[in-house]
Amino acid sequence: MKQIRKLFGNRLISLSLAVLLALGLTACGREPESDIDFDWVYVHEFLQTEGAGNINWQGEMSFGGDKLYYTSNGWNEQTEKYYPVLHRYSFLDGGTGELELPLPEETNLTGWDIGEDGCLYALLAVWGGSEALGISGNAYMVAKYDAQGKEVFVTDFSELLERESFPNRLMVDGEGRIYAVEKDVIWLFDAEGAPAGNIKLRDAGVIGQVKDYCRGSDGCVYAAVKGCNGSISATGLFSVDFEGKRLEEELPGFPDVTEIIQNAEGSFLINDGNSVSIYNEETQEKEKLFDWLDCDVQGSYVTGFGTLSDGRMVAAFEDRNVDDQGIIVINRVRADQVTAKQEVVLGTLTGVDNSYVVHFNRSSNDYHVTVRQYLKDYEHLEDALNRLNADIVSDNCPDLLDLDNYYMEVRQMASNGVFEDLTPYLEQSSIDRDDMFETLLEDFTYGGKLICIPDTFSINTVIGSTAKVGKEMGWTTEDVIALAEAYPEASLFDGTYREKLLLFLLDVNSFVDWETGTCHFDSDEFKRLLEFIGRYPGYDEMTYDAGRSTAEKIQSGEVLLIEKSVYNIDKNIQYYKAQFGGEITCIGYPNIRGDSVASFSASGQYAIMTRSKLKEGAWAFIESYLSWDHSSYFGLDLPNRKSKLERLAEEAVNVEYVLDENGEPVLDENGNPKVVGKDYGGVGEGDWMYYFRAPTREEVDMVLELIRSTKGKGDPNYQMRVIIDEEVAAYFLGQKSVDEVADIIQNRMQVYVSENY
């Protein structure tokens, strides 16, 4: 295997197609004195695949011989059956072509590859038998079709399978020999399709499974195997010896991969789902070339990856969440010939919704957002937080910070002046603050500073029967205790135990005055709360009837409350009403004041850092996602726009019903009036099912009122929770009195609050 020279400064910068073509003409004018004389970068373009508009983005794709190959289904009017069609698109001249594949009747195309001879090699399957083929049960075949779509051979190898098998991938080498892969077995067939045995990984001394494979530039097949040599965490790269029916280890300690390919120079390129790297055989390490996000696509949505004969790389992608798909061509060019965008760094602990990042990077001419994730695989949370905190106070501070994580000490950071106040930016923006829900903005305001502006949200709240908890939203801890004592035979929740009650009843911020830096965890209210919780068993002692649905237990009077999320305008409320069998109240979480309190779960919690040197670029990103119309998300979350939510509310109630000849609504099989163009579906718990209908105006208004009148729970404060969890156990186990535990918690909390208010 041939090495290539190390590439220095491998950055990737977006270029328009016109600029890329200009660079290509310039680069072809002369040969540089040496590769190492220049700093190299990677640029990409989105390809306009004219004539290839029928791409089946959800199907398998492959690249080979400077062409893209993909399949789709055609429809035969005479037989009234679908048939597979193989398409090809040339990256060199834009030419297209297609072949109708004469597969045996009732077979499915489950894997395929294009050989160096341009022929299609296919893995076919029959599931559940085929009367036409005289097959009972499952069957598997390998087949070859020439460049004109004519069948060359079909070989049924079902009888060779020694157990229930599901081979689902296929590769052909440079000599036309076929390799069908199933986890830990590789089935071999010669160039005429005759079975040539198999390679069982365990028999070859390899314990693991094939992660991916590729045909190398030398025509050989290489397999990346995870868990080789008895290790469950190691990956090795093996060449497949067809004649010897064995695996030969080429590169032990090979990186974990999503996909591997070999370029024309004989070096392996690794796609790990986040970035593309080249494997350096000398150092036995991968050297990153670029991140997929720098190509304005999400790596997890890349469906195909390959190289062209001129050294360029190509990739196909599809993001079904936002109906985004396409093909990009990636080229290496000299850095001094491009103008880079200004890099805005978005810091996150565990990751963000990259759809926002991709959308912004494609649309901005001035800025490019790069995601910096602090928590790595198999790493301790504390190490990631320490690294983040160190960056925040240094010149390496990110420009934006994702706050959507339970372990973020948001209040403490806000009090230390870490975040910019977004109010001045919002006032200068075309975005109308009056169109946003002020209750949601207040939940992200600390010390008078608005630190982030969520785009969508849901409301986590507690729901009870109106007959038992009353019509008004909001209650105190004493109200909860009174409810439990009024129904002593019932459980507050379906599975009530101390740990859950402590999380539910304890509003930490109710016992803290952040204005004065004082707290009162030694108060009678706090002690009364602990005494009430102490009546219940711990999680390990709890008995739970999993054989019956929560709805059944509620309607029989055995359960009083549910903790649920309201995230759409039309279905949630009617479903929760059906669970209770009557009217409900979204009463919320208890607190000392008796306010209507819920927990907002929001998306797009991005704050601008005061140490950022690109605050205008950071705000441009926030403004972009607030302006982005991604309506497909609504229904999974509520939009932070009154106008959008009111529009959704009107659309939900103003529906057109299907009428019979007398003008009366036609009922479906569940007794609900049918709505033109809509099928609401159903959902269930155990044996209990509910089928949705068009919501009533009262149900829609209940959601709107919940948003308007509810206050957020505020910062959950992970560290304060840890202090309480550590100390209350002694009381629950009978080792200390409630007074002793309350005093200890008060002392520890006072120290924490004094240091952080």
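Tyr 222 and Phe 268 are both buried, where buried means under 20% relative accessible area with a 1.4 Å probe, protein chains only. This is a predicted model, in which local features need pLDDT of at least 70, side-chain atom pairs count only at pLDDT 80 or more, and totals for chains, interfaces and linings use all residues. Residues are numbered from 1 along each chain as its sequence is written, and side-chain values use heavy atoms, with hydrogens and water left out.

Back to the rings. Phe and Tyr rings, and the six-membered ring of Trp, pair if their centres lie within 6.5 Å; planes under 30 degrees apart count as stacked, over 60 as edge-to-face and the rest as tilted. That rule gives 36 aromatic pairs. One of them is Tyr 222 with Phe 268, edge-to-face, 5.2 Å centre to centre and 80 degrees between the planes. Tyr 222 is in strand S16 and Phe 268 in strand S20, so this pair ties together parts 46 residues apart in sequence; strands are DSSP runs of E, at least two residues, and helices runs of H or I, at least four, numbered from the N terminus.

Next, Phe 493 and Phe 504: also edge-to-face, at 4.9 Å centre to centre and 85 degrees. Phe 493 sits in the loop between helices H8 and H9 and Phe 504 in H9, so the parts tied together are 11 residues apart in sequence. Phe 493 is buried at 3% relative accessible area, and Phe 504 is buried at 3%.

There is also a cluster. Tyr 356, Phe 360, Tyr 606, Phe 621, Tyr 625 and Trp 628 form one aromatic cluster.

Definitions and conventions:
Buried means under 20% relative accessible area, exposed over 50%, partly exposed in between (1.4 Å probe, protein chains only).
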